[in-house]
Amino acid sequence: MANTSTSIEPTTTTRISTKKDHQIREIKKATIVPKLDGNMDDPIWKEVKWYGLDQRWLGEEYTVDDFFGRYKMAWTPEAIYILVEIKDDKIYDQYKDPLTLWWDDDCVEIFIDADNSGGNHQFTNNAFAYHVALDGNVVDLGKDEKPLLYNNHITTKRVTKGDVTVWEFEMIVYDDSYEEGKVNDPVILSKDQKLGFAIAYNDNDGSKERENFIGSVFIPGEEKNLGWINADVFGTIVLKE
Ligand SMILES: [Ca+2]
Ligand SMILES: [Ca+2]
Ligand SMILES: [Ca+2]
Ligand SMILES: [Ca+2]
């Protein structure tokens with residue numbers, strides 16, 4: 001039966017998605033969970049390919065001796081796994097306090113948007129920008145605009161040999177219903193699910209402030225340090241078996 005009515009309301013949505021999917025990548029499911037030991041000999045890491053950490057978001061041009069980075073990803077219903085290999089000529093940790101200028105020490109930054117909604121997340125849990133420090137502390141800004149430790153969201157093991165550091169991460173995913181200090185259910189990940197994702201490295205080799213911020217995704221325009229504010233710039237991962 002033809003119905004030309006235009007008065008039908010769309011189903012209620014609480015959030016208008018602003019994101020246009022880009023850098024869409026299919027991520028393979030791990031049947032055997034990688035062992036977080038800083039060693040990349042796990043079966044899943046042999047099966048999946050490297051992605052580059054090669055987009056300069058901040059700082060001057062750098063050389064391959066100063067920084068080279070790449071990563072791999074996998075998932076299970078319980079978590080996302082990330083293997084990161086970084087070549088960095090100097091590992092630098094000037095602030096022992098994890099909540100002081102955490103972005104000015106060498107650290108890996110992992111961006112995740114559980115429902116791929118995009119949009120502002122600076123002081124909300126619409127998405128997270130987890131800074132993982134050399135000592136394993138995980139920091140992001142909370143709703144009160146102050147830094148918070150999220151060490152129960154990401155577990156990591158880091159092994160440095162010479163100028164090469166291997167990090168393995170296990171990230172439990174939380175969505176925008178996350179409330180700090182409450183009991184929160186992690187997102188159970190499933191096949192064909194789409195999430196917003198990016199990863200970056202803050203490289204400092206002894207300066208007062210970070211020298212470079214190198215990310216995984218191209219960000220158009222002059223201002224490229226947007227990941228910590230706006231989840232629209234994250235790439236899109238699609239979970240596959
Ligand atoms: Ca391993
Ligand atoms: Ca460096
Ligand atoms: Ca979101
Ligand atoms: Ca460094």
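This is a predicted model: local features need pLDDT of at least 70, side-chain atom pairs count only at pLDDT 80 or more; totals for chains, interfaces and linings use all residues.
Figure 1. Cys107 is buried, because 26 other C-beta atoms lie within 10 Å and 20 or more are enough to count as buried. The residue is found in strand S6, which spans residues 107–113. Beyond its neighbours within four places in sequence, Cys107 is in contact with Trp102, His131, Val132, Ala133, Leu134 and Asn202. Tyr201 lies 94 residues away along the chain, yet the C-alpha atoms of Cys107 and Tyr201 are separated by 5.8 Å.

**Figure 2. The largest nonpolar core.** This core holds 55 residues, and Ile82, Ile110 and Ile112 touch the most other members. Strand S5 (residues 79–88) contributes the largest share of the core, 7 residues. Setting aside residues up to four places away in sequence, Ile110 touches Ile82, Tyr130, Val132, Ile154, Phe169, Met171 and Ile199.

**Figure 3. Residues 36–240, annotated in UniProt.** An unreviewed UniProt entry carries the annotation "domain: Carbohydrate-binding" for residues 36–240. In the model, the chain over residues 36–240 is 40% strand and 2% helix. The end C-alpha atoms of residues 36–240 are 22 Å apart.

**Figure 4. Setting of the close-ups within the protein.** The secondary structure of the protein consists of 14 strands and 1 helix. Its radius of gyration is 18 Å, close to the 18 Å given by the globule rule for 241 residues, so the protein is as compact as a globular protein of that length. The C-alpha atoms fill a box of roughly 70 × 40 × 35 Å along the principal axes. Of the 241 residues, 37% count as buried. Among contacts with a separation of 6 or more, 64% link residues 24 or more positions apart.

Note on methods. Residues are numbered from 1 along each chain as its sequence is written. Chains are lettered from A and ligands numbered from 1 in the order in which they are written. A nonpolar core is a set of buried Ala, Val, Leu, Ile, Met, Phe, Trp, Tyr and Cys residues joined through C-beta atoms within 7 Å. A residue is buried if 20 or more other C-beta atoms lie within 10 Å of its own, exposed if 12 or fewer, and partly exposed in between; C-beta atoms are placed from the backbone. Helices (H or I, at least four residues) and strands (E, at least two) are DSSP runs, numbered from the N terminus. Two residues are in contact if their C-beta atoms, placed from the backbone, lie within 7 Å. UniProt positions are given in the numbering used here, feature names are shortened, and annotations may be inferred rather than shown by experiment. The radius of gyration is taken over C-alpha atoms; the globule rule is 2.2 Å times the number of residues to the power 0.38.
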